Amino acid sequence: MSSAILLVLALALVIDRLVGDPDWLWARLPHPVVFFGKAIAFFDDRLNREDLADGARKFRGVVTIVLLVAVSAWLGHLLHRLFAAFGPFGLLLEAVLVAVFLAQKSLADHVRRVAEGLRQGGLEGGRSAVSMIVGRDPKTLDQPAVCRAAIESLAENFSDGVVAPAFWYAVAGLPGLIAYKMLNTADSMIGHKSPRYLHF
C-alpha cells in the first residue's frame with residue numbers, strides 16, 4: 001500500500017465526513033451508482049431469460065458479473081491514470097471521487113434523525129425516521145426496538161458503505177474500489193435467491 005493511497009484515503013474520509021452526499025449536487029447530477037444500476041439492468045434484461053435452462057442462466061450470470069467487474073476495474077485504472085497526470089491536484093480529485101463512494105456522513109445523519117425523531121416526535125417520530133433506513137415495517141416496534149433497528153442498520157451499512165470501500169481502495173486503488181461498488185450494487189439488484197435470480 002503506497003503512501004499516496006493512504007493520503008488519498010485519509011483525505012476522502014475527511015471529505016466524506018464533512019460534506020457527505022449533498023442533495024443539491026445529486027439532484028442535478030446522477031450518482032455513479034446510478035450508472036452501475038443501469039449497466040446491471042441492461043445485462044439482466046438481455047441475458048436473464050426465463051425460457052433458458054438453469055445451466056445457461058448460470059453461465060450468463062457469471063459472464064455478467066465478470067464483465068461488469070472487469071469493466072469497472074478498467075475504468076478505475078483509466079481514472080487513476082488521468083488523475084495522476086495532474087500531480088498533487090490529481091490526488092485531490094481522486095480523493096473527491098473516493099469520497100463519493102463512501103457513506104459515513106449520510107449514515108450518521110440517518111441515525112441522528114431517528115434519535116431526533118424519538119426526542120421530538122416520541123415513538124411515532126422515531127418509527128417514521130427509522131422507516132427511511134430499514135426494510136421492516138416499523139409500526140410494531142417499541143422505542144428500544146426502534147433504537148436497535150437504527151443501530152443494526154448503521155452497523156450493516158457501515159460495513160458496505162465505509163469499511164469495504166475503504167479496504168478495497170487501500171488494497172487495489174481506484175480499480176478495486178470501483179469494482180467493489182459495482183459488485184455490491186449487483187448483489188443488491190440481482191443477488192437474490194428469488195426464482196428470477198436463483199440461477200442467474
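Q: Which element gives the largest share of the lining of the largest pocket?
A: The largest share comes from H7, with 9 residues. This is a predicted model, in which local features need pLDDT of at least 70 and side-chain atom pairs count only at pLDDT 80 or more, while totals for chains, interfaces and linings use all residues. Residues are numbered from 1 along each chain as its sequence is written, and side-chain values use heavy atoms, with hydrogens and water left out.

Q: What counts as a pocket here, and what as a lining residue?
A: On a 1 Å grid over the protein atoms alone, a pocket is an open set of points with protein on both sides within 12 Å along at least five of seven lines, whereas a cavity is a set of points where a 1.4 Å probe fits but cannot get out; lining residues have an atom within 4 Å of a point.

Q: And what volume does the largest pocket have?
A: Its volume is about 640 Å³, taken as the space filled by probe spheres set on the points, with grid points joined across faces, edges and corners.

Q: Which residues lie nearest the centre of the largest pocket?
A: Those are Asp21, Ala103, Ser106, Leu107 and His110, out of 28 residues that line the largest pocket. The elements that give two or more residues to this lining are helix H6 (104–130) and helix H7 (143–190), where helices (H or I, at least four residues) and strands (E, at least two) are DSSP runs numbered from the N terminus.

Q: How many of the lining residues are nonpolar, polar and charged?
A: The lining divides into 11 nonpolar, 10 polar and 7 charged residues. Nonpolar here covers Ala, Val, Leu, Ile, Met, Phe, Trp, Tyr, Cys and Pro, charged covers Asp, Glu, Lys and Arg, and the others, Gly among them, are polar.

Q: Changing topic, how many helices and strands are there in the protein?
A: The secondary structure comes to 7 helices and 0 strands, and the C-alpha atoms fill a box of roughly 55 × 50 × 30 Å along the principal axes.

Q: Where is confidence lowest, and where highest?
A: Confidence is lowest in helix H2 (residues 23–26), at a mean of 84, and highest in H4, at 97; the score is pLDDT, the predictor's confidence in each residue, from 0 to 100. Over the protein the mean pLDDT is 92, and 100% of the residues reach 70 or more.

Q: OK, which residues have the most contacts inside the largest nonpolar core?
A: Ile40, Val98, Phe101, Tyr169, Leu174, Leu177 and Ile190 do, in a core of 26 residues. Such a core is a set of buried Ala, Val, Leu, Ile, Met, Phe, Trp, Tyr and Cys residues joined through side-chain atoms within 4.5 Å, and buried means under 20% relative accessible area, with exposed over 50% and partly exposed in between (1.4 Å probe, protein chains only).

Q: What does Leu177 touch, then?
A: Leaving aside neighbours within four places in sequence, Leu177 is in contact (heavy atoms within 4.5 Å) with Val98, Phe101, Pro165, Trp168 and Tyr169.

Q: What about a second core?
A: There is a separate one of 11 residues, which includes Val130, Ala145, Val146 and Ala149. Ala149 lies in helix H7 and is buried, with a relative accessible area of 0%; beyond four places in sequence, Ala149 touches Val130, Val134, Arg136 and Leu141.

Q: Is Trp74 buried or exposed?
A: Trp74 counts as exposed because its relative accessibility is 53%. Trp74 sits in helix H4, and its C-alpha atom is separated by 6.4 Å from that of Pro175, 101 residues apart along the chain.

Q: And what does Leu79 touch?
A: Not counting residues up to four places away in sequence, Leu79 touches Leu97, Leu174 and Ile178. Leu79 is also found in helix H4, and is partly exposed at a relative accessible area of 23%.
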